[in-house]
Amino acid sequence: MKVELKNLTKIFPSRNKKVGGEVVAVNDFTFTIPDGKLVGLLGPSGCGKSTTLYMISGLQKPSSGQIFFGDEDVTELTPENRGIGLVFQNYALYPHMTVKQNILFPLQNLRGEDRMPKEEMLERAYRVAKLVQIDELMDRKPSELSGGQQQRVAIARALVKMPRVLLLDEPLSNLDARLRLQTREEIRRIQKETGITTIFVTHDQEEAMSISDVIVVMKLGVVQQTGKPQQIYDDPCNLFVAKFLGTPPINVFEGEVRAEKLYIGGAAVLDVPGVEDRAVYVGIRPEGFIPDANGGLRCEVSGVDVMGRDVSIVSRHGAMLTPSVRSIVDADYKLAEGQTEVAYALKPHKVFLFAKDTEERIYFGV
Amino acid sequence: MGEKIKSFFAGLWQNIRTFFKKRVWQGFCVNVLYKKFDRYKAWIYLLPAIVLLMIFTVWPIFNTVRMSLLEGYTSMKAVRGVEFELGIGNFTRVLKYKGFINCLKNTVLLTVLTVPISTFLALLIAVCLNSIKWFSRALQTIFFLPYVTNSIAIGMVFAAMFNMILGGGVRPDFVGVVNIVIEAFGGDYINWMNAGSEYWANIVVMTVYIVWNALPFKILILLGGLQSVNKQYYEAAKVDATPRWRVFTRITIPLLSPMLAYVIITGFIGGFKEYSSIVGVFGESMGPAGNHYALDTMVGFIYRAIGNQEGTASAAALILFAIILVVTMINLYVSKKKTHY
């Protein structure tokens, strides 16, 4: 089921009427989620991603704009008539029911034509339980399950009535690091197997990058960029997106373009053809540094992190805007004993320029 | 001679001084006194409470059991130094006593009537209060008023509401509000509680009064329970297209069950101890004029036996205790099966 959002806007009225000042949680969100894809809504807290999800679910009404499931306008439909499955951040499993009863609950709610015989309900419950691999826990209460298992039960409950769209609100935030890795693969697998269009919300860019087909980066209610994870990583449209994606995060410097050359801290570091003279922010991905004795960017070494496969050099530079400069270089590269300065050449496609005023990307020919 | 005595005392004083200076004494202070104190510290802190509990709770309970097992015990005889024999005569006397069966019947009837009605109404009102937004504070206050009002005062107001004195008294035309309402709906006056009134009418009056009096506490507890239910359960139910009634029976009630169990159990215990409400409405005669003690209860029976037949009163109190114990055990057993914590 294709999900289409058209100029979706949500404005929360101010709590204190005298002071005024309403909050625009989501501002003019237009996006089409292709059928059968896994989409991650990504942004820092308070960026409106959960509000967007709840508007798609119908639990919150948009202030303006429209939502389409396929060709059907569902903007005015109540949640129960939209055919969605929703997994809450803290799962909201009914604590007094067993896993089986929890999964059966949505089916037992069906009335009239949709009502199915008991055996079929049970069969469907077991099928979906098997899909999320909890079929052996059916007679337990939620309190007797681990966080990851509860998560699966919540997904099973959302899936059992075959929703047109599956919505997940911060699905991994309540899990520990190990389980998070495992569960996100699970979500990917379940989504692939069912083929249900799935939208999930997260503030963890790694999570979004690793499993989404498409990610939507949001900031303060405004969509910044949409696209495939790798594409956004390689080609961020503004400084916010560049900073938000990637671990370790991108390094940002004050820079200046003069005569189609980029200067950082007074030294020319890169040719930037086609850019007029101006002051810029320079974003350099950690993997964009090449240790080179003749390189223009000279940094003061403050530490080295060895991570097995590769080496991360932590250094300082006078023009940096991030707390430190972190580069990832090949493990074969070794700093000399007592070396206090490292010089880098830069990979042009890992260097992004942003306008100082708008923080928008400035493209240069490579 | 004088010198000798003087030097003796001087020597003694010296000895005493060295003794107190010695480490032995210090060691005694630290090791014995302080460590002993440490060991019994908790007990010493608890002492005031324990003493009061002993005097006002443990001793009376013990004394009640003692008195109930002494044949024909009365305080008057005890003061005169009469010796009592051990036996269960007090218990058999209570059980054989005609009025006691009436007390038991009234107590059980009122409890069985009022606990379900008041619990159901309290649940209904709590759910309504929880779902409305306007005036909910004001309404909560109004519903809570009976709780802070004197039950005798409320009883007098109820007595006036249900009164029916026609052709007599200071105001021959005065009829209680209830009968005026009944008349407005085209019914006949009912003699609720005056001379010649019927038993069922008296019970209705008492049921209405007790239910009304019991509501605020129950509403308070249930409303608190409702407000602590996570709203996401309702959102989840909404997404799953759960019909309203099903949300109530399958989600609200189970999540509220600990509070419901508490309210029902305390309701039963309170019901078996019913006394002041009946005195409040019917006065100390505990019944309409000409039919005294028609609405007598267990506590009423015990209360009147104190002062002339303490043995009998004690036996009745223990019987009441046994009944409450059994009923509460049943309650707990049932709630354990039905309650989700």
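Strand E6 (84-87) and helix H4 (147-159) of chain A, together with H10 of chain B, each supply at least two residues of the lining of the largest cavity. Helices (H or I, at least four residues) and strands (E, at least two) are DSSP runs, numbered from the N terminus. The model is predicted: local features need pLDDT of at least 70, side-chain atom pairs count only at pLDDT 80 or more, and totals for chains, interfaces and linings use all residues. Residues are numbered from 1 along each chain as its sequence is written, chains are lettered from A and ligands numbered from 1 in the order in which they are written, and side-chain values use heavy atoms, with hydrogens and water left out.

**Cavities**

On a 1 Å grid over the protein atoms alone, a cavity is a set of points where a 1.4 Å probe fits but cannot get out, while a pocket is an open set with protein on both sides within 12 Å along at least five of seven lines; lining residues have an atom within 4 Å of a point. Grid points are joined across faces, edges and corners, and a volume is the space filled by probe spheres set on the points. By this rule there are two cavities of 30 Å³ or more.

The lining of the largest cavity consists of Gly85(A), Leu86(A), Phe88(A), Ala154(A), Arg157(A), Ala158(A), Ala236(B), Val239(B) and Asp240(B). H4(A) gives the largest share of this lining, three residues. The second largest cavity is lined by Ile155(A), Leu166(A), Leu168(A), Ile187(A), Ile190(A), Gln191(A) and Thr198(A).

The table lists volumes and lining classes, where Ala, Val, Leu, Ile, Met, Phe, Trp, Tyr, Cys and Pro count as nonpolar, Asp, Glu, Lys and Arg as charged, and the others, Gly among them, as polar.

| Space | Volume | Lining residues by class |
|---|---|---|
| Largest cavity | about 50 Å³ | six nonpolar, one polar, two charged |
| Second largest cavity | about 30 Å³ | five nonpolar, two polar, no charged |
| Largest pocket | about 1,200 Å³ | 15 nonpolar, four polar, six charged |
| Second largest pocket | about 490 Å³ | nine nonpolar, 10 polar, three charged |

**Pockets**

The largest pocket is lined by 25 residues, of which Ser131(B), Tyr234(B), Arg244(B), Val247(B) and Thr252(B) are the closest to its centre. Helix H5 (98-131), helix H10 (231-239) and H11 of chain B each supply at least two residues of that lining. H5(B) provides the largest share, seven residues.

Thr252(B) lies in helix H11 (residues 244-272) of chain B. Its relative accessible area is 5%, so Thr252(B) is buried (buried means under 20% relative accessible area, exposed over 50%, partly exposed in between, with a 1.4 Å probe and protein chains only). Leaving out residues up to four places away in sequence, Thr252(B) touches Leu226(B), Tyr234(B) and Val247(B), where contact means heavy atoms within 4.5 Å.

**Cysteines**

Over all chains the structure holds zero disulfides, a disulfide being a pair of cysteine sulfur atoms within 2.5 Å. Cys103(B) counts as buried at 0% relative accessibility, whereas Cys128(B), at 42%, counts as partly exposed.

Helix H1 (residues 49-57) of chain A is largely enclosed by the rest of the structure, because eight of its nine residues are buried. The buried residues include Leu53(A), Tyr54(A), Met55(A) and Ile56(A). Gly58(A) follows H1(A) and has a positive phi, near 95 degrees.

Chain A also has an open sheet of six strands in the order E13-E12-E11-E14-E20-E21, with antiparallel pairing. Strand E13 (267-271) and strand E21 (361-362) of chain A are the edge strands, each pairing on one side only. Two strands pair if DSSP finds at least two bridges between them. Strand E11 (residues 251-258) and strand E12 (residues 261-264) of chain A run antiparallel and are joined by three bridges. Opposite Glu256(A) stands Tyr263(A) in E12(A).
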